[in-house]
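Biologist: I would like to learn how to read salt bridges in a model. Please start with the general idea and then turn to the case at hand.

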Amino acid sequence: MTITMRTLFSTSWRSPQQPALRFLLLGLGISPLVVQCADDSSSTLRFVNPLIGSTNGGNVFAGATRPYGLAKAVADVDGQNTGGFSTDGSNVVGFSAVHDSGTGGNPSLGNFPLFPQLCAGDVVDNCNFRIGDRATPYVADSVVASPGHFAVDLESGIKSSMTSSEHAALFRFEFPSGDGEAHPLVLLDLTDLWQSRQNATVNVDARTARMKGNGTFLPSFGAGSYVMHYCVDFFGGSVFDNGVWVNNRGGTEPKDLFVTRGFNLFYLEAGGWARFDGLANNTLTARVGISFISSDQACRSAETEIPDPLHDFDRLVQEAESAWEEKLSPISVNAGSGVSDALLTSFWSGIYRTMISPQNYTGENPKWNSGIPYFDSFYCIWDAFRVQHPLLTIVDPKAQVQMVNSLLDIYQHEGWLPDCHMSLCNGWTQGGSNADVVLVDAYVKNLTGIDWELALGAIIQDAEVEPLEWAFHGRGGLQSWRTLDYIPYLDFDPVGFGTNSRSISRTLEYAYNDYCLATLAQGLGQMSIYEKYVARSANWRNLWKADQTSAIRGRDTGFTGFFQPKYLNGTWGFQDPIDCSALASFCSLTTNPSETFEASVWQYQFIVPHSQSSLIELMGGEQRFLDRLDFFHTSGLADISNEPVFSTVYLYHYAGRPGLSTKRLHTYIPASFNASNGGLPGNDDSGSMGAFVAFGMLGLFPISGQDVYLISAPFFEAINITSPVTGKTAQIKTVGFDAGYENIFIQNATVNGKPWTKSWIGHALFTEGWTLEVVLGSQESSWGSKIEDRPPSRGETAKVTTRFM
């Protein structure tokens, strides 16, 4: 295949373009070595490809953003548009400034998109205003994506490029040269990606064409509504005329418009428009400010952050690149001879995506202003608590502390910790109250600047006080949880209301939530609270049905004993253990809820992170446990795109076979996680998939809520991680590393030069700057096999892991 490399825009724009072309080639399966990044060959950003996961359901945000930034600029398509843009070859329908990344469910945000066009005959009524009418294919090989910069050409001949500040986006639209009498038009659509708008306004200034207004929209996976405000200014030419449009017609009068949902919920398309004359270099620049407070604040933010729109583009890109470089700087990698650029790209891009969301909305919360940094787009904690937040604790603890304090701030103002929160709204709770785990994970890893007594009170609130609507925060069924020690199938719960389902997965998650509560209570010296909740954390055992079998297409799997639903009266219900797996049918919270959330009993049977030893005993001992794990991962039952499966890759550690965890990991990386545009197995879930890849390549896996990292063989020869808190550098080294990954079994290990026989290590590795060295070989060894060297999970009667190692 011949690839023609061309400069999309002026010479001054080449800097952000260089690394992005490299990833275009990666996505096409062409060796990245043919592309050189002339600007800075030492920059880790050359290994960041925002297009990974931009098709095949990854739903990533592929556009321009700063770490945790509110403004996120990208082209929106009419295909796989959950994150705005997709490399699925669909049509571009707009360019908008706010997005979420990697989410499932309905498309999120994408409010107030702009769309540039040249109208036939230079007649406004010939313009394509409606979404379906204006949809335009993009030129596949024109897509440019790098940190802080995105560009794409339309088949209409219009070229676009965009970047962002914290609260504003800057778009450049270059129109094709030709008819000098044509007046390029840009419309603003009062919509979002989901078309959830309830009502909206636009005001178009007759002289400057500034567009201001707001709209009320629905969160894509939650309750309530939110109001977003905007302010759009145009630069580069003079205003020819402007006005508003409704459906497929536009007029120069009036200049104001208020639009509702539409008759009988028929979606009414409407917005503002402006045409321009005398564009320098045929290029129009649009600056879009966004605010949840007011359109005036949106204008102020845009004017402050982008004061010189015609000359600020390169500055904004450079600032974004610097911000990303700083965030990635704690980690350095000596990949080792022969390691592919594709693996490095998967690694660095995965870390990059963990810092796209949650988003820092400080100063943009219209509900309260407590002076505490406010984060939103926790989308959702059920996904993120397992690996994303633990990774941020290592590489960006300052931001993680801010997020924990933001969660506590939400608790103080809304009464409960959220499990999901987006667009200032409560999102649907998927299982347990897993913000509890995020808080306790921060505690056991010694993050400071957090009120731990407040945190204890917040988690106790989750454990003891059932909200009226537990569908979006807190827990449900607490009356049964306290009296029966499990969540019953078809529970009678007159106290609160939510989706009366997921009795198995909620029981398992509530048990671990209570274990985490006990951990915090013990650390704070509250031993009576500790005793109460560590006992409650054993409730998972009450849904284990020892004689339950499982068959696939009529053939017995050979395993006995599975979790099953149980009625209020103590009798057993039934859910086929393979239901809600890839071998059966998908189970959705909103369409066909089951007793396990988005996964099968086969998957949830392993999710007892605080008591794996007891689980191993129930399953018939270590060998039968290992047999189950192997069957699960080789039969089609394991769905690695679903976060609860992450830990199952590493559970071999608990049976004394850590080498098998590494072996299992290599069946998923790079087969399911790679550097192609479709290189994720499913929704990135705000960076959760990226964090799984990053930890796997580092040779560690966190057990969130515990001071435990499971040790496996790294994918690189050596890694250094400098703690942003202590300034000390952890070193992970290998002896016998080979890029062919034949030597994936740890033979022995040392920490700071002394033998280390445990198959796990604590967070002091990072904060104290320890050196972990592992000797690798091609055959499994006995390292980590002894009972005393296995991860701490020796039953509910044992003391929980303390905060200090």
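Modeller: Side chains of opposite charge can pair when their charged atoms come close. In this predicted model, the count comes to 25 salt bridges.

Biologist: Which residue forms a salt bridge with lysine 327?

Modeller: Aspartate 396 does, with the closest N and O atoms 2.9 Å apart. Lysine 327 lies in helix α4 (residues 313-328) and aspartate 396 in the loop between α7 (388-395) and α8 (397-414), so the pair ties together parts that are 69 residues apart in sequence.

Biologist: Are lysine 327 and aspartate 396 buried or exposed?

Modeller: Both lysine 327 and aspartate 396 are buried.

Biologist: What is the partner of arginine 475 in a salt bridge?

Modeller: Arginine 475 pairs with aspartate 436, the closest N and O atoms being 3.7 Å apart. This pair links distant parts of the chain, 39 residues apart: aspartate 436 is in helix α9 (residues 435-444), and arginine 475 is in the loop between α10 (452-464) and α11 (478-483).

Biologist: Why does arginine 475 count as buried?

Modeller: Because its relative accessibility is 0%, and buried means under 20%. Aspartate 436 also counts as buried, because its relative accessibility is 0%.

Biologist: Where is lysine 532, and where is glutamate 464?

Modeller: Lysine 532 is in helix α13 (residues 527-536) and glutamate 464 in helix α10, 68 residues apart. Their side chains meet in a salt bridge at 3.2 Å, N to O. Lysine 532 has a relative accessible area of 42%, so this residue is partly exposed.

Biologist: Which residues do salt bridges that share partners join into one network?

Modeller: Arg66, Asp312, Arg315 and Glu319 are joined in this way.

Terms used
Residues are numbered from 1 along each chain as its sequence is written. This is a predicted model: local features need pLDDT of at least 70, side-chain atom pairs count only at pLDDT 80 or more; totals for chains, interfaces and linings use all residues. Side-chain values use heavy atoms; hydrogens and water are left out. A salt bridge is a side-chain nitrogen of Lys or Arg within 4 Å of a carboxyl oxygen of Asp or Glu. Helices (H or I, at least four residues) and strands (E, at least two) are DSSP runs, numbered from the N terminus. Buried means under 20% relative accessible area, exposed over 50%, partly exposed in between (1.4 Å probe, protein chains only).
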